[in-house]
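Let's walk through this model together, starting from a single residue and widening the view step by step. Keep the viewer open as you read.

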Amino acid sequence: MIKIEYPSVPQEYLDYIDHFKGKIKKWYDAGEMGNKAGKISLCDECKLLFRFLLKSDNLKKLLLLTADQLPVLINETERHFPVLKNDRINRPKTRSNLYLCLNKAFYSLGYCEPLFPDFKLTQALGLKACPYCNEEEIIVWDFEDEGLTIKNSELDHFYPRELYPYLAISLYNLVPSGKICNQGDCKHNKDTLVEGLKSPFELPDSEGFLFELVLDKGGITSYDTFSTSCGIETHVVYKDLYDNARVFRINLRYSTEMKQARRVWSLHKHCEAEGYQKMAAQKEKALGTTFTFDQWFESELDIIPHDYNKHKLSKLSMDIWRQLEKMRPVV
Ligand SMILES: [Zn+2]
């Protein structure tokens with residue numbers, strides 16, 4: 001689990017809030033939403049809610065609630081509108097009128113409309129790896145001149161829109177993620193509150209999981225026998241991330257990441273060699289400086305330490321490098 005944060009709220013998102021408020025006004029005045037193919041009338045509860053959202057900055061405030069405030073919003077919403085709690089817990093075949101209205105407004109006519117800046121959100125976070133697992137690569141290509149944008153990631157509704165339709169466009173409910181993390185076996189539409197998941201937006205830092213090479217008795221003796229002489233174990237450092245580890249199957253997924261572990265071990269071995277040490281010492285002398293552990297790591301693995309969002313498997317690599325450094329005999 002890697003912490004993510006916006007440097008500032010993307011302007012495209014702020015513009016979208018204004019646009020969406022205009023749509024709510026139009027629906028409220030007309031008493032209905034949608035086009036001929038799927039027009040629905042606003043139920044009384046929905047009208048009440050829309051009237052509240054149209055007052056001063058209420059819509060903006062709600063859409064910009066931070067990740068740790070979203071459970072409070074859910075509680076308050078379900079307290080005011082108990083039908084939504086029933087829709088969420090029991091998932092009845094026929095959902096309430098309020099659910100249908102909110103799903104239509106926030107999801108079908110909000111999140112799904114081409115004007116919703118989903119690509120810009122992914123781009124503004126600057127991720128190159130899935131924040132849930134740090135295992136899947138995220139690619140965002142923007143050929144603005146040609147009007148072409150490509151991304152291989154999904155914008156996950158941290159609180160699924162099937163259960164929390166009114167959070168379908170909330171900024172801190174949208175987490176760019178890889179496809180594996182967002183599929184049925186992992187997260188998809190599992191109830192976030194029931195599962196007890198933490199959002200990457202809520203984390204204090206990215207040290208919640210620690211990866212360790214567990215060595216057999218004889219230790220690692222060669223590149224060829226690496227995979228049979230050790231394994232990878234995941235430790236959950238932050239207790240409130242146990243459920244994330246379970247739902248995203250972190251231990252199982254990392255137990256097979258032996259190729260990257262071997263690459264880190266191999267590069268570290270290369271750095272341990274006498275020739276390399278001599279060269280490093282000469283370089284330090286010539287430059288009148290001492291390289292820090294982080295600089296050494298960065299130059300060898302091409303991974304920026306602590307900026308785990310920039311490379312997939314970067315946390316695993318950093319942890320193993322750190323472990324091997326501790327095991328290195330002091331000369
Ligand atoms: Zn992932």
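P165 is in contact with Y99, L102, N103, F106 and Y107, once its neighbours within four places in sequence are left aside; two residues are in contact if their C-beta atoms, placed from the backbone, lie within 7 Å. P165 itself sits in the loop between β5 (154-157) and β6 (174-177). P165 counts as buried because it has 27 C-beta neighbours inside 10 Å. The cut-offs behind that word are as follows: a residue is buried if 20 or more other C-beta atoms lie within 10 Å of its own, exposed if 12 or fewer, and partly exposed in between, with C-beta atoms placed from the backbone. P165 and L100 are 65 residues apart in sequence, yet their C-alpha atoms are 8.8 Å apart in space.

A word on what you are looking at. This is a predicted model, in which local features need pLDDT of at least 70 and side-chain atom pairs count only at pLDDT 80 or more, while totals for chains, interfaces and linings use all residues. Residues are numbered from 1 along each chain as its sequence is written.

L155 is in strand β5, and L174 is in strand β6. Leaving out residues up to four places away in sequence, L155 touches D118, L121, T122, L174 and P176. Counted in the same way, L174 touches L121, L155 and H157. L174 is buried because 22 other C-beta atoms lie within 10 Å, whereas L155, with 18 such neighbours, counts as partly exposed.

Most residues other than glycine have a negative phi. R91 is not a glycine, but has a positive phi of about 40 degrees, and N134, also not a glycine, has a positive phi of about 60 degrees. R91 is in the loop between α5 (82-90) and α6, while N134 lies in the loop between α7 (118-125) and β3 (140-143). Are these residues buried or exposed? R91 is exposed, with 12 other C-beta atoms within 10 Å, and N134 is buried, with 25 C-beta neighbours inside 10 Å.

Stepping back, the protein chain has 331 residues, of which 33% are buried. The chain contains 15 helices and eight strands, and its C-alpha atoms fill a box of roughly 80 × 45 × 30 Å along the principal axes. Among contacts with a separation of 6 or more, 69% join residues 24 or more positions apart.

The domain assignment gives domain 1 (11-195) and domain 2 (209-327); such bounds come from an automatic or database domain assignment. The C-alpha centres of the two domains lie 38 Å apart. Where they meet, 16 residues of domain 1 are in contact with 14 residues of domain 2. The side of domain 1 that touches domain 2 divides into seven nonpolar, two polar and seven charged residues. For these classes, Ala, Val, Leu, Ile, Met, Phe, Trp, Tyr, Cys and Pro count as nonpolar, Asp, Glu, Lys and Arg as charged, and the others, Gly among them, as polar.

What holds the most contacts inside the largest nonpolar core? This core has 71 residues, and those with the most contacts inside it are C46, F50, L98, L102, A261 and I320. A nonpolar core is a set of buried Ala, Val, Leu, Ile, Met, Phe, Trp, Tyr and Cys residues joined through C-beta atoms within 7 Å. Helix α6 (residues 97-111) gives the core its largest share, six residues, and at least three residues come from each of domain 1 and domain 2. Beyond its neighbours within four places in sequence, C46 is in contact with L98, C101 and L102.

Finally, turn to a helix pair. V264, L267 and C271 in α12 (residues 258-272) meet W296, E300 and L301 in α14 (residues 293-301). By class, this contact has five nonpolar, no polar and one charged residues.

Key: Helix = DSSP H or I, 4+ residues; strand = E, 2+ residues; numbered from the N terminus. Axes fitted to C-alpha atoms, helices over the stretch in contact; angles between N-to-C directions.
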